[in-house]
Amino acid sequence: MKRAIPVVALSIAGLIPVWRYEPSIGGTTTTSTSTAEPAPSSSAAASSGTVVKGTTVDTDKGPVQVQVTFDGDRISAVTMLQQPNHPQTTAAVPVLVAETLKAQSADIDTVSGATITSDGYKESLQAAIDAKG
């Protein structure tokens with residue numbers, strides 16, 4: 001009987017984090033208007049280039065939409081207009097943008113841990129590139 005009380009108390013204490021856990025599945029999204037690229041001259045590129053919005057892609061994590069700034073035929077900046085509010089997405093966006101600027105196309109690698117967002121990003125990016133024509 002002396003062990004029953006500590007066992008029950010520790011069991012309840014161990015279950016509290018499980019009860020408070022909030023899964024990331026859902027429709028929570030953030031809308032961002034800041035450029036997620038590392039280049040400091042994003043405002044100059046945006047004012048002198050052609051800006052094209054990609055289509056909004058609905059993913060299991062939430063909607064994804066990009067805006068691409070072209071300087072002639074080159075991609076000079078990529079901005080996330082909509083993205084899921086998720087830690088993996090937040091970490092993946094700078095990698096996706098850097099890969100896009102390097103590859104100058106939507107033919108980039110998927111970011112591990114953010115596969116769904118990466119696929120939505122590439123689809124929206126390709127739509128913007130196609131719309132530029």
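Among contacts (heavy atoms within 4.5 Å) in the protein chain between residues at least 6 apart in sequence, 53% join residues at least 24 apart. This is a predicted model: local features need pLDDT of at least 70, side-chain atom pairs count only at pLDDT 80 or more, and totals for chains, interfaces and linings use all residues. Residues are numbered from 1 along each chain as its sequence is written, and side-chain values use heavy atoms, leaving out hydrogens and water.

**Overall layout**
- The protein chain has four helices and five strands. These are DSSP runs, numbered from the N terminus: helices are H or I with at least four residues, strands are E with at least two.
- Along the sequence, the pattern reads α-β-α-β-β-β-β-α-α.
- Of the 133 residues in the protein chain, 34% are buried. Buried means under 20% relative accessible area, exposed over 50%, and partly exposed in between (1.4 Å probe, protein chains only).

- Strand β4 covers residues 63–71, and strand β5 covers residues 74–84.
- The two strands pair in the antiparallel sense over seven bridges. Pairing requires that DSSP finds at least two bridges between two strands.
- F70 stands opposite I75 in β5.
- Two residues lie between the strands of this hairpin. In the turn, G72 has a positive phi of about 75°.
- Strand β5 is mostly covered, with nine of its 11 residues buried.

**Helix α1 and W19**
- Helix α1 spans residues 4–20 and contains W19.
- W19 is exposed, because its relative accessible area is 63%.
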